[in-house]
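The headings below take up its parts in turn.

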Amino acid sequence: MLRATGVRKQYGARRVLNGVDLGIERGEIVALLGENGAGKSTLLSCLAGLARPDSGQVWLDDRRVIRAQTAEIGVVWQDLALCDNLDVVANVFLGVEKRRGRLLDDREMIAEACRMFERIGAGLDRADVESGRHVGDLSGGQRQMVAIARALLPEPDFLLLDEPTASLGVNESAALKRLLRRVRSARVGILLITHRIEDALSLADRVVVLRGGVIVADRPASTTTRDEAAALLSGLPPDSAARRHLHQLRDLVDRLGTLDATASLPLIMSALAAALDTVGVSLHLRDTAGDHGRMTLRGCYGQAPEFAHVVEQRCHPGALVDRIVTAAATRPDTVAVGDGVDAEVEELGVGSLWAIAVNGPDHGVLGVIAFYAETRGEPRPDQVELATLHTVLAAAAVERERLVNELQRRNQRLESLRGVLDSLTGPSTAHEGVAVALPPLRAGLGSDAVALFHLADGRECGERVDPASPLQPSELAAPNAPLGQVVLARLAGAAMQARDSRSTVLEDAIVAIPLESQDRRDEVLVAWWDGAHTVTDDELALLGDSVRSLELASERRAVEESRQEAQALRQSAALQREFLFRLSHELRTPLTAIRGYADSLASGDVAWGEEARRRFIERIRGESARVSRLVADLLDTSAIETGGLRLNLDWCDPALLIEEAADCVGALPDDVTVDLRPDLPAVWADHDRIEQVVVNLAENALRHGTRPVTISAAPSADGSRLVLEVRDHGAGFDESIAERAFEATVRDERSSGAGLGLAIVRGIVDAHGGDVIVGRDHDETVVVVTLPIEPEVIPA
């Protein structure tokens, strides 16, 4: 035992120590607390034999300590007393280089230093030791370990440390605490001088308070709170801590009245952790009051940043935290105390674990609060009483939070129903309204999918109109998808059952409600939750109201569809009238000319010369050919629209058909130019029809553009298609009809003609499996026709 009896020490006129009595047993950690100038370092010097007291004595067992006892008493000073210009090994063996009368060589010192660092877990490997790094280059935590290794090298019976954690970070302090616990387990007595109350309470077996050179308190750490230690340091009576707790509790109650419901519990838990001076607390709640299921971790509130992570990892079934929480929940009127702590929790400074239940107003257990205390053993009665007061506040906060959540859920359902009604009665179409209405319905229900099933002819088909649902369209429609097969079968089965029974079908996590409107007899609204879910009355009511809203919307949908059909019929009739008027005009013009010339020839009043008669006959032939082309175009258009266009397919020479088409158009030799690749491949096509395509495009270009018109042909980049281009320098199509230029009912008002030529081009190209597009290339209008070169099936 190392003890001081009646030690007094005075420096000049200032008395630093005034009759100090202190004893330290082997295997015990004694924390010496005191403010600056209290005499802590002077007492340490006297205990180590480095300073002689003016009166009183220091004893090591039965021997007086009158000089430094480095072999039996190791000292680690606050400034560490290391030589920064020496390496690690030299600092560890400074002053003890001799062993059994001989000097140790470098290899022996390095090996022994490595063993020491490994034993104390210093975080210095052999490379750091052998590298010859100066101590001045090490971190604060590493320097601290070097100083402790030097003090422990002689294997002393007592270790005296002066403010060892003063300059360390959180992680380094935790590593030092773990080391001191291992040193204590090796039966080494430790005196820890510190001003950090939390270090003293988490490490020490006894707490000694030195104030003004006099020991004012010597008490077990397990029965000392942080507030009591702070009161003793400040010269206040310990019972002032209780008054402070009452004041803090009153302030807490006042603050709770001004906070939101969601902020109350964290504030109560944080205040409780601080009031009890614990490492932290964790709150475990049941989903509903009176439920006897397992608790769920709601939150962790502690000083260390890693506290929450460690607790979350220790909350699995069967773990210590889980066992003690379960015990507190089953015995709500008692305190459940753990039988130890996990190693990882102990590294955070936790010495013991206990829990107390949070009881609701109906005497059911709402949850449990677990306390992670720095001291060992059971909690003191005053701690339990203070914790019980906070559990009353916690119970009220839990009930308030649940009430607010229930009101929010009800308001959310009302908002969802309003969103459904707004969507169904808004300016959008009825079909769009249904699509927009289901997402807010799914959000209000909290379901994974809301679908409107259409059931017809005994077969089911699902239409998922909620794009926010995690259920994909393929999972409702593709029976090959594993999830889709199961979900589709269940949802469709419930939908058919609801339709046949004309009543609500309620299964596990599925609700199906049929629609009763006249035009929706085969429609069923289905809601689905992925996983176990108990459908509540509020959810059923929301679904029922939504079904009634959909039924009302169906009437609007029927009216809207009738209006759209009537509008389509009116538009179709107008287009037909316009087309017939244009067609009659185109037919009347050549027929009038033919009749006029024929009447002139038949008239006997005028004797026409041979030249005039020949000119009249040529005009009659030309107009007759024009009528024939117009009738042919009408027949082609009719064949295309009815799908009766016949093709005489064979291998044909594109160069030949393009040359023939160029000869058919243009009054002057330079009206049409042809630009052909010499290696054009033969194309599987109808020669006459493709020639008709080129003629129609060239005539259209000559009619509306400027001469010359260029016709070109070349194979595509991959050689699978033939690309025909017809270019002119005209103004191009009017922007209002550019995208519909190849429709039979669309005609550029700036030009004459029936407007059937381009429609026939599109029909012929489509029949060949090709494509035609129109565009602009700088100042040129370009029509591009692509045709497949090879047939889909090789002819025999």
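## Terms and basis

A residue is called buried if its relative accessible area is under 20%, exposed if that area is over 50%, and partly exposed in between, with a 1.4 Å probe and protein chains only. Helices (H or I, at least four residues) and strands (E, at least two) are DSSP runs numbered from the N terminus.

The model is predicted; local features need pLDDT of at least 70, side-chain atom pairs count only at pLDDT 80 or more, and totals for chains, interfaces and linings use all residues. Residues are numbered from 1 along each chain as its sequence is written, and side-chain values use heavy atoms, with hydrogens and water left out.

## Aromatic pairs

Rings of Phe, Tyr and Trp (its six-membered ring) pair if their centres lie within 6.5 Å; planes under 30 degrees apart count as stacked, over 60 as edge-to-face and the rest as tilted. By this rule there are two aromatic pairs. One of them joins Trp354 and Phe371, which are stacked at 4.1 Å centre to centre with 15 degrees between the planes. Because Trp354 belongs to strand E16 (residues 352-359) and Phe371 to strand E17 (residues 365-373), the pair ties together parts that are 17 residues apart in sequence. Trp354 is buried, at a relative accessible area of 2%, and Phe371 is buried as well, at 0%.

Trp651 and Trp684 have ring centres 5.3 Å apart and planes at 70 degrees, so this pair is edge-to-face. Trp651 lies in strand E23 (residues 650-652) and Trp684 in strand E25 (residues 683-685), so that the pair links distant parts of the chain, 33 residues apart. Trp651 is partly exposed, with a relative accessible area of 40%, whereas Trp684 counts as buried at 18%.

## Nonpolar cores

A nonpolar core is a set of buried Ala, Val, Leu, Ile, Met, Phe, Trp, Tyr and Cys residues joined through side-chain atoms within 4.5 Å. The largest has 53 residues, and Phe117 and Leu159 are those with the most contacts inside it. Another core lies apart from it and has 37 residues, including Val672, Leu697, Val761 and Val765.

Contact means heavy atoms within 4.5 Å. Leaving aside residues up to four places away in sequence, Phe117 touches Val88, Val92, Ala122, Leu124, Val129, Met145, Val146 and Ala149.

Two strands pair if DSSP finds at least two bridges between them. Six strands make an open sheet of mixed pairing, in the order E6-E9-E10-E3-E11-E12. Its edge strands, E6 (73-76) and E12 (214-220), each pair on one side only. Strand E11 (residues 206-211) pairs with E12 in the antiparallel sense over six bridges, and Leu210 stands opposite Ile215 in E12.

Helix H5 (residues 140-152) packs on the sheet, where it touches E6 and strand E9 (158-162); its direction makes about 165 degrees with that of E6. Such angles run from 0 to 180 degrees between N-to-C directions, and axes are lines fitted to C-alpha atoms, for helices over the stretch in contact.

## Strand E29 and its partners

Seven of the nine residues of strand E29 (residues 780-788) are buried, so the strand is largely enclosed by the rest of the structure. Strand E27 (residues 721-728) pairs with E29 in the antiparallel sense over eight bridges; there, Arg721 stands opposite Pro788.

Strand E28 (residues 771-777) also runs antiparallel to E29, joined by seven bridges, and Ile773 has Val784 in E29 as its bridge partner. E28 and E29 form a hairpin with two residues between them, and His778 in the turn has a positive phi of about 60 degrees.
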